[in-house]
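Open the model in your viewer and keep the sequence panel beside it. The tour moves from the sheet to the core, then to a few single residues.

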Amino acid sequence: MELHLNGLTSITNAQAKCFTKIKLLQLNGLSSISDEQAENLSSALELQLNGLTSISDQQAESFRKVKSALTLNGLTSISDKQSESLSYLLSLELNGLTSISDKQAEMLSQVEMLSLDGLLTITDDQAEILSKIRWLSLTGLTSITDLQVESLSRVEHLKISEDLQPLIDKYKNQ
């Protein structure tokens with residue numbers, strides 16, 4: 001069952017408990033939730049909480065239980081501990097992040113499908129780390145170095161800006 005409740009701006013703990021049987025749950029209007037609500041919502045197969053601008057370490061730990069896809073595009077930063085918790089997910093969207101540390105890249109590289117479209121730049125080391133991901137989206141990048149091209153060309157399914165795609169294609173065809 002799918003449930004799209006993007007107009008909700010708040011929920012109670014009792015309501016969050018009622019959502020435990022929902023497979024696809026969209027609650028993009030919520031700007032904050034409690035740790036208990038995060039625990040209940042994490043039973044979803046797919047969970048979208050794009051209105052959240054921050055999460056606690058406990059919430060990140062709860063979210064690791066989402067079975068398929070978690071979308072948290074409202075977050076503009078995460079801690080190393082949160083990136084470790086989120087690394088257990090199959091699919092993760094963090095398109096609000098504008099930068100990540102090497103340690104966060106290392107943790108997030110364990111996710112099979114990762115979208116970091118808010119990143120405008122990455123380091124050569126981060127490109128190498130992220131090259132381990134099976135499906136990676138980095139459409140926000142505005143430029144990449146030759147070393148990054150070499151690393152990112154190893155990603156099985158890479159989504160990158162139209163301006164940078166020819167660089168990746170050229171390297172793959174060499």
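Over how many bridges do strand 2 and strand 3 pair, and in the parallel or antiparallel sense? Select residues 24-26 and residues 46-48: strand 2 and strand 3 pair in the parallel sense over three bridges. Leu-25 has Leu-47 as its bridge partner in strand 3. Two strands count as paired if DSSP finds at least two bridges between them. Helices (H or I, at least four residues) and strands (E, at least two) are DSSP runs, numbered from the N terminus.

Before going on, note that this is a predicted model, in which local features need pLDDT of at least 70, side-chain atom pairs count only at pLDDT 80 or more, and totals for chains, interfaces and linings use all residues. Residues are numbered from 1 along each chain as its sequence is written, and side-chain values use heavy atoms, with hydrogens and water left out.

Eight strands make an open sheet with parallel pairing, in the order 1-2-3-4-5-6-7-8. Strand 1 (2-4) and strand 8 are at the edges with a single partner strand each, so one side of each has no neighbour in the sheet. From one strand to the next, the twist averages 5 degrees.

Strand 7 pairs with strand 8 in the parallel sense, over four bridges. Trp-135 has His-157 as its bridge partner in strand 8. Show the side chains of strand 8, which alternate. Buried means under 20% relative accessible area, exposed over 50%, and partly exposed in between (1.4 Å probe, protein chains only).

**The core**

Select Leu-41, Leu-49, Phe-63 and Leu-152. These have the most contacts inside the largest nonpolar core, which has 50 residues. Such a core is a set of buried Ala, Val, Leu, Ile, Met, Phe, Trp, Tyr and Cys residues joined through side-chain atoms within 4.5 Å. Elements that each supply at least two residues of this core include helix 2 (35-41), helix 3 (57-63), helix 7 (146-152) and strand 7 (135-138). Helix 6 gives the most, with three residues.

Centre on Phe-63. Beyond its neighbours within four places in sequence, Phe-63 has contacts (heavy atoms within 4.5 Å) that include Ile-33, Leu-47, Leu-49, Leu-72 and Leu-89.

**Single residues**

Next, Glu-46, in strand 3. Glu-46 is partly exposed, at 31% relative accessibility. Gln-26 is 20 residues away from Glu-46 in sequence and 8.3 Å away in space, C-alpha to C-alpha. Leaving aside neighbours within four places in sequence, the contacts of Glu-46 include Lys-23, Leu-25 and Val-66.

Jump to Asp-102, in helix 5. Asp-102 is partly exposed, with a relative accessible area of 34%. Not counting residues up to four places away in sequence, Asp-102 touches Thr-123, Asp-125, Gln-126 and Ile-129.

Move to Ser-109, in the loop between helix 5 and strand 6 (113-115). Is Ser-109 buried or exposed? Ser-109 is buried, at 9% relative accessible area. Ser-109 is in contact with Ile-129, Lys-132 and Ile-133, leaving aside neighbours within four places in sequence.

Finish at Arg-64, which lies over the face of Tyr-88, 3.6 Å from the ring centre. The rule asks for NZ of Lys or CZ of Arg within 6 Å of the ring centre and within 35 degrees of the ring normal.

Conventions
Axes fitted to C-alpha atoms, helices over the stretch in contact; angles between N-to-C directions.
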